[in-house]
Amino acid sequence: MKTAITELFGIQHPIIQGGMHYVGFAELAAAVSNAGGLGIITGLTQKTPELLAKEIARCRDMTDKPFGVNLTFLPSFTAPPYPEYIAAIKEGGVKAVETAGRSPEQYMPALKAADIKVIHKCTSVRHSLKAEKIGCDAVSVDGFECGGHPGEDDIPNMILLPRAADELKIPFVASGGMADARSLVAALSMGAAGMNMGTRFIATKEAPVHPNVKKALVEASELDTVLVMRALRNTERVLKNTGVDHLLEIEREKGASLKIHDIHEQVAGVYPKVMIDGEMDAGAWSCGMVVGLIHDIPTVRELIDRIMADAERLIRERLVGFLDGVEQSKALKVA
Ligand SMILES: Cc1cc2nc3c(=O)[nH]c(=O)nc-3n(C[C@H](O)[C@H](O)[C@H](O)COP(=O)(O)O)c2cc1C
């Protein structure tokens, strides 16, 4: 399949793996890129720019296909040394960066000078237009259903994607709630040039996380995520667990006066406990509603191959079938 996104990043399939803290290591990024998508290493999971340089080199050893790095701009008092992280990306020869969080505006000159394609993840049309204005090459439009930070507007992708299509000139991918061929074909229909998946890629053989995490994803339904940190305007969609129950209790008690230090134990340092040690009740970790569509743990290549094969069937048989008047009593089964 050829779209503006496959052309922009020089990839075979219009599928991107979003940056994920303590998941987006070289193993997963390389597996996605080797399967024809765009794999992304999560920059800030590497505690220093030197460690990121090593992770990029490790990924380069595992694939000769294009891959990218995620840079998340956090609202924090002690900002990570972003210029040094960008230098590591540039020196590692990486040509794609997924930015997220705050606007990447101040770093655009450095990224563009290094001939790096920038895809900014946005949860609103206005932020997408800003990204376009400051020179981003593409955006990842992240709907309310997404795992991680959906912003504060609460607009799901059925509305957000066509709105983005109406306003944007640069290409965009649909992010949030994407799991299979149905997601891809729907996203393409609504104007996207591909899709970005987070949660779905965690339940793959190559995702370098504890088996308990993959098991929890297969067992959970679409009813098992919840929003936390709303009162802090730092809303995050996470998988329910006893640590999160405790967090919600504190949020209920404190109401609008909630401060980040009130929930420090339930949100800080949770990722290594969950992803490395498999402590599933450790606290808040991002997970999308799409978890309700995850029923197996394939290899990344099996996942991507079946998405692309099912997408072709969906388009050629079901959609063209409607036009040709072929009776279709029920939806085509996708794996
Ligand atoms: C466990 C996990 C960790 C994530 N960490 C980050 C991160 O560090 N930076 C970022 O930009 N997005 C992060 N995300 C968001 C994903 O990149 C992606 O935008 C999101 O998962 C898409 O929604 P989906 O989960 O419904 O596919 C994370 C998502 C998950 C599930």
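These legends describe views of one predicted protein model. Residues are numbered from 1 along each chain as its sequence is written. In this predicted model, local features need pLDDT of at least 70 and side-chain atom pairs count only at pLDDT 80 or more, while totals for chains, interfaces and linings use all residues; side-chain values use heavy atoms, without hydrogens and water.

**View 1. The protein chain as a whole.** The protein chain has 14 helices and ten strands (DSSP runs numbered from the N terminus: helices are H or I with at least four residues, strands E with at least two). Its C-alpha atoms fill a box of roughly 60 × 45 × 35 Å along the principal axes. Of the 335 residues, 53% are buried (under 20% relative accessible area, with exposed meaning over 50% and partly exposed in between; 1.4 Å probe, protein chains only).

**View 2. The buried face of helix α10.** Helix α10 spans residues 211-219, and its buried residues are Val213, Lys214, Ala216 and Leu217. Seen down the axis of α10, these residues fall within an arc of 160 degrees, so they line one face of the helix (the arc is that of the directions from the helix axis to the C-beta atoms). An α-helix has 3.6 residues a turn, so residues three or four places apart point the same way.

**View 3. The surroundings of helix α10.** The buried residues of α10 pack against α9 (199-202), β10 (236-239) and α13 (270-276) (contact means heavy atoms within 4.5 Å). On the face turned away from the buried side of α10 are the exposed residues Pro211 and Glu219.
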